[in-house]
Amino acid sequence: MTDLILRGGTVVDGSGAAPVRADVAIEGERIAALGDLSELSAARVIDVSGLTVAPGLIDTHAHSDGHLLRDAQHAHGLLQGVTTEFITQDGLSYALLSAHHLEPYGRYIAGLYGPPPTDLDMSSMSAFLSHYDGKGCNVAAQAPHGPVRLESVGFRDAPLRGEPLAAAERIVAEAMEQGATGFSTGLSYYPNSYSDTDELVALNRVVARYGGVYVTHIRNHNNDRAPDGSGITEAMNIGRRSGVKVHISHYKTYPQNAGQVDALMSEIDLAKADGVDVTLECYPYAPPATVPGYFLRGECHDGGLEALLGRLGDPSWRARLIDSLEHLFPGRSDNAVWTWIGAEHLQHLQGVSFGDAAAMMDLSVSEMMITVMRESGLHCGFRESPPASATVARQIEADVIALLSRDDYMVGSDGIPFDDGVPHPRAYGTFPRILGRLRRRHNVPIEQIVRTMTSLPASRFGLRDRGLIDVGKYADLVVFDEATVIDTADFSDPRSAPSGIPYVIVNGQLAVESGRPTGALAGQALSGHFAS
Ligand SMILES: [Zn+2]
């Protein structure tokens with residue numbers, strides 16, 4: 001007698017092995033037996049014949065740090081079959097912030113996460129993780145670069161050296177000891193971009209000592225601080241010099257380089273041949289989404305939230321702010337769309353394009369962006385628009401499938417979930433879009449796609465006993481219909497739930513049943529376990 005049996009399904013075990021017919025028995029949090037279990041009885045038996053049973057999906061890049069604290073159920077990930085989310089991405093998070101930095105930095109990143117949870121202790125990795133235990137899904141984290149810098153040098157435009165660097169190294173080491181799976185940065189965000197390559201090498205030597213992973217949104221600001229070259233070159237050199245495992249966030253083609261997968265990967269493949277250990281991730285949509293401060297140069301951010309808000313309202317800064325927006329966000333800004341705005345008097349702009357919003361306010365696009373940032377106190381986010389040409393959009397999707405056919409690519413939604421506004425659909429549709437729509441269009445073997453979303457991220461980030469269906473592993477499972485599973489979220493109806501995913505199990509408990517969330521909060525805060 002066991003707790004639960006999924007009977008008659010086709011098991012895709014996550015390893016990349018071909019599908020097999022097998023029953024799966026669950027006892028407590030773990031998988032208890034596998035195979036022909038017709039002799040075994042259970043408190044509950046679910047007939048999953050005709051359906052596929054896979055390990056719960058792992059989202060390597062989710063901006064859920066705020067949403068999970070407001071909505072423990074967090075159903076939009078579960079409904080896609082996602083049972084583990086990696087938060088603290090791009091080096092932007094509450095983790096490791098002392099009480100005195102939590103409020104101002106929390107407000108500085110509110111365009112991604114909403115208003116900050118100022119009543120919680122976030123000052124260590126273990127305190128941070130404790131707030132994410134008992135949510136709908138499992139959660140894992142990295143030591144985020146922004147808070148590491150704030151706690152060592154403040155919101156200042158200077159690379160870490162000397163005692164502040166030593167302090168930062170201690171903070172990263174302590175976070176690794178308390179369960180971090182690595183170190184994350186986004187070198188187009190602040191204060192992260194104030195770093196240089198030497199700082200990142202030093203911090204990642206600490207990460208490498210623990211076997212963790214350097215997760216990077218590569219540099220495209222302050223490129224002069226990467227003397228060996230920017231972006232991928234810097235990331236590869238950090239791997240080479242520190243010995244750390246490198247993971248490149250949301251690395252994919254966009255309209256300007258659609259179809260150029262070989263060029264995209266050439267420098268990485270050379271570095272790998274040279275011994276750098278690299279993995280990557282992507283999401284299956286053409287346009288990105290972020291916060292508008294992304295396009296303001298470092299001088300505008302120096303000093304942090306209040307300094308930036310002051311400059312946004314200071315006539316003597318006007319020309320510099322506009323010059324920054326026009327140089328760093330050229331050509332595409334008219335078609336960008338406000339996804340979420342925290343200020344009530346501006347919420348009618350949610351879902352409105354920047355061109356239309358500027359016309360409504362009788363301002364230029366750059367002036368409108370400055371006004372919205374200032375009047376919302378940075379509580380605002382946006383996305384870009386899909387390419388006008390469907391052929392380009394389709395090519396980008398074909399590129400995603402080509403990338404996921406490599407053995408080093410995973411899926412990170414880069415989702416920024418909000419319960420109001422008009423968010424980017426990637427938070428709601430990424431996994432079924434790849435698992436159903438794109439896999440079928442490109443005829444990819446199911447076991448190959450499932451591996452990219454399960455055992456590969458689990459082993460890379462040290463998630464012990466997850467990402468595989470086998471006796472003794474945690475019972476994180478998704479049951480879906482290979483023939484019909486599909487995303488329905490799109491740019492005008494982004495929160496629409498996928499279909500074809502009737503059951504999701506988290507740590508042995510049914511989290512989704514008949515396609516609906518059960519209310520179970522069985523998720524755990526996970527630690528990285530690395531053989532050293
Ligand atoms: Zn991101």
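In which sense do β13 and strand β14 (residues 245–248) pair, and over how many bridges? I looked this up before anything else. They pair in the parallel sense, over four bridges. Valine 213 sits opposite lysine 245 in β14. From β13 the chain crosses through helix α9 (residues 232–242) to β14, and this β-α-β crossover is right-handed.

Notes on what I am reading. This is a predicted model, where local features need pLDDT of at least 70 and side-chain atom pairs count only at pLDDT 80 or more, while totals for chains, interfaces and linings use all residues. Residues are numbered from 1 along each chain as its sequence is written. For me, helices (H or I, at least four residues) and strands (E, at least two) are DSSP runs numbered from the N terminus, and two strands pair if DSSP finds at least two bridges between them. I call a crossover right-handed if, with the strands pointing away from the viewer, the path from the first strand over the helix to the second runs clockwise.

Entry: the parallel sheet. I traced an open sheet of six strands in the order β11-β12-β13-β14-β15-β19, with parallel pairing. Its edge strands are β11 (143–144) and β19 (409–411), each pairing on one side only. β14 goes on to strand β15 (residues 278–282) through three bridges, again in parallel. Histidine 247 has threonine 279 in β15 as its bridge partner.

Entry: β13 and its other neighbour. Strand β12 (residues 182–186) is joined to β13 by five bridges, and the two run parallel. There I found glycine 186 opposite histidine 217. β12, helix α8 (residues 197–209) and β13 make a right-handed β-α-β unit.

Entry: the mixed sheet. Here I followed seven strands in an open sheet, ordered β3-β2-β7-β20-β21-β22-β23, with mixed pairing. β3 (20–21) and β23 (516–517) are the edge strands, each pairing on one side only. Strand β20 (residues 477–480) and strand β21 (residues 503–506) pair in the antiparallel sense over three bridges. Valine 479 has tyrosine 503 as its bridge partner in β21.

Entry: around β4. Strand β4 (residues 23–27) is mostly covered, with four of its five residues buried. Three bridges join strand β1 (residues 2–7) to β4, running antiparallel, and leucine 6 stands opposite valine 24. β4 also has five bridges to strand β5 (residues 30–35), antiparallel too. Glutamate 27 faces arginine 30 in β5. These two strands form a hairpin with two residues between them, and glycine 28 in the turn has a positive phi of about 60°.

Entry: a helix pair. How do α14 (residues 354–361) and α15 (residues 365–376) cross? Their axes come within 9 Å and cross at roughly 85°, which makes α14 roughly perpendicular to α15. My axes are lines fitted to C-alpha atoms, for helices over the stretch in contact, with angles running from 0 to 180 degrees between N-to-C directions. Angles under 35 degrees count as roughly parallel, over 145 as roughly antiparallel, 65 to 115 as roughly perpendicular and the rest as oblique.

Definitions and conventions: Buried ≥ 20, exposed ≤ 12 C-beta atoms within 10 Å, placed from the backbone.
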